[in-house]
Amino acid sequence: MRITAGRVIVTCPGRNFVTLKLETAEGLTGVGDATLNGRELAVAAYLEEHVVPAITGMDARNIEDVWQYLYKGAYWRRGPVTMTAIAAVDMALWDLAGKRLGVPTHELLGGRSRSEVLVYGHANGETIEDTVEAARRYQQLGYRAIRAQCGVPGLAKAYGVGRGDLFYEPAEAGRPPEHEWSTERYLDVAPQLFSRLRDELGFDVHLLHDAHHRLTPTEAGWLGRRLEEHRLFWLEDAVPAENQRLYRQLRSHTTTPLAVGEVFNSVYDLHVLVTERLVDYIRTSVVHAGGITGVRKIAHLMEPYQVRLGSHGATDLSPVCMAAALQVDISINNFGIQEYMRHTEETEAVFPHAWWFADGALHPGDGPGLGVDIDEERAAEWPYERAYLPVNRLLDGTVTSW
Ligand code: EZ4
Ligand code: CO
């Protein structure tokens with residue numbers, strides 16, 4: 001099964017998505033997500049200029065070999081652009097493998113380890129009361145796990161508080177938008193939010209929270225302790241993790257479960273966190289961490305340490321990535337939870353898929369391969385539009401993590 005061609009399709013049905021489509025001599029096609037929010041065309045060029053010419057003619061059945069060829073063969077290792085490009089090829093090859101044999105990809109990954117993939121949705125609001133209302137709406141939709149974020153009084157914009165209830169994820173046309181941040185003000189409101197949510201919703205729902213890399217280990221330890229009585233499923237990205245050792249201090253101060261890793265792209269970003277068990281969940285996604293092959297290497301390292309996978313699944317990851325993530329989630333032993341922000345109708349129309357939602361969980365479906373495709377005619381109706389993630393500043397103008 002030789003790879004005969006590879007095409008990169010960029011489309012913007014409300015937000016930008018980059019998709020790789022590989023073709024084989026037998027006429028089969030496989031798809032992979034290659035979207036890196038705010039830096040989309042860097043991956044598109046990496047694939048078109050450097051990857052597709054190198055892999056054309058290779059045997060599509062040798063997925064591990066192609067992965068190692070692109071990883072070790074580039075000489076320049078890791079990094080989000082490289083690993084997203086490798087991920088796109090890897091997803092497309094796993095899609096082809098399933099299609100060639102007429103089985104869903106997870107049957108080739110060891111089959112099902114569970115009956116469904118637990119997901120969490122995003123409830124957010126300007127105020128605590130708005131957020132409680134939003135969480136109730138998610139419960140009515142069947143969600144059993146809900147991430148809650150709310151506005152911070154005195155700050156014009158807060159992370160996670162979007163325009164729409166189900167779909168919004170920033171990436172705006174023009175120059176990068178600027179947000180402002182005050183940890184002091186945030187630390188006033190965050191414990192109140194969860195106290196109120198537990199009063200209103202009780203303990204029969206999982207609650208999650210994302211601090212989006214903004215705290216120091218000292219601040220995060222304080223917050224984690226205050227949230228212990230509200231028994232969160234996890235506190236995510238409490239501190240930036242380029243320096244994995246920061247988590248030692250945080251871990252020693254709180255028993256609130258910790259999650260990190262949506263910006264990681266390889267096992268080397270997390271091996272200290274995992275082998276010292278400084279966190280409970282790793283959030284690497286299939287698209288940004290080298291595909292199904294890359295995430296399985298990470299999950300298998302984590303398994304003996306009882307660290308579980310909590311896959312990133314924001315709306316900037318395409319339905320192709322979700323299809324691939326579900327194949328991993330359903331098959332590995334140490335699955336935790338899958339993030340699920342809904343895509344818009346326009347996006348759903350461009351990416352027809354077999355996966356489906358019911359009772360707070362996703363199901364990968366039984367279609368051959370990943371069970372997803374791109375409708376290229378529809379995709380062509382939505383040309384690329386340059387967009388950026390926000391840049392964040394403290395109230396005195398200092399650049400800080402967004
Ligand atoms: O901000 O995917 O947990 N989810 C997140 C996301 C990220 C976006 C960045 O592109 O933190 O909303
Ligand atoms: Co996050």
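**View 1. Where domain 1 meets domain 2.** Welcome to the meeting place of two domains: 28 residues of domain 1 are in contact with 33 residues of domain 2, where contact means heavy atoms within 4.5 Å. This is a predicted model, in which local features need pLDDT of at least 70 and side-chain atom pairs count only at pLDDT 80 or more, while totals for chains, interfaces and linings use all residues. Residues are numbered from 1 along each chain as its sequence is written, and side-chain values use heavy atoms, with hydrogens and water left out. Domain 1 covers 3-104 and domain 2 covers 117-366; these bounds come from an automatic or database domain assignment. Taken over C-alpha atoms, the domain centres are 26 Å apart.

**View 2. The largest nonpolar core.** Such a core is a set of buried Ala, Val, Leu, Ile, Met, Phe, Trp, Tyr and Cys residues joined through side-chain atoms within 4.5 Å, and buried means under 20% relative accessible area with a 1.4 Å probe, protein chains only. Among the 117 residues here, Leu 47, Val 89, Tyr 247 and Ile 282 touch the most other members. Helix H3 contributes the most, 12 residues. A second, separate core has nine residues, including Tyr 120, Ala 145, Leu 208 and Ile 337.

**View 3. Helix H1 and its kink.** H1 runs over residues 40-55, and its 16 residues reach 21 Å from first C-alpha to last, close to the 22 Å expected at 1.5 Å a residue. Helices here are DSSP runs (H or I, at least four residues) and strands are too (E, at least two), numbered from the N terminus. A kink of about 40 degrees is centred on Leu 47; the bend is the angle between axes fitted to the seven residues ending there and the seven starting there. Beyond its close sequence neighbours (within four places), Leu 47 is in contact with Val 8, Leu 20, Ala 34, Val 52, Pro 53, Ala 85, Ala 88 and Val 89. The buried residues of H1 pack against strands E1, E2 and E16 and helices H2 and H3. Just after H1 comes Gly 57, with a positive phi of about 100 degrees.

**View 4. Thr 35 in its loop.** Look for Thr 35 between strand E3 and H1. At 1% relative accessibility, Thr 35 counts as buried. Its side chain reaches the backbone nitrogen of Val 18 at 2.9 Å. Thr 35 and Leu 317 are 282 residues apart in sequence, yet 6.5 Å apart in space, C-alpha to C-alpha.

Key: Chains lettered and ligands numbered in written order. Expected span 1.5 Å × (residues − 1). Buried < 20%, exposed > 50% of the residue type's maximum accessible area, 1.4 Å probe, protein only. Polar contact = N/O pair within 3.5 Å; in protein donor to acceptor, adjacent residues only side chain to side chain.
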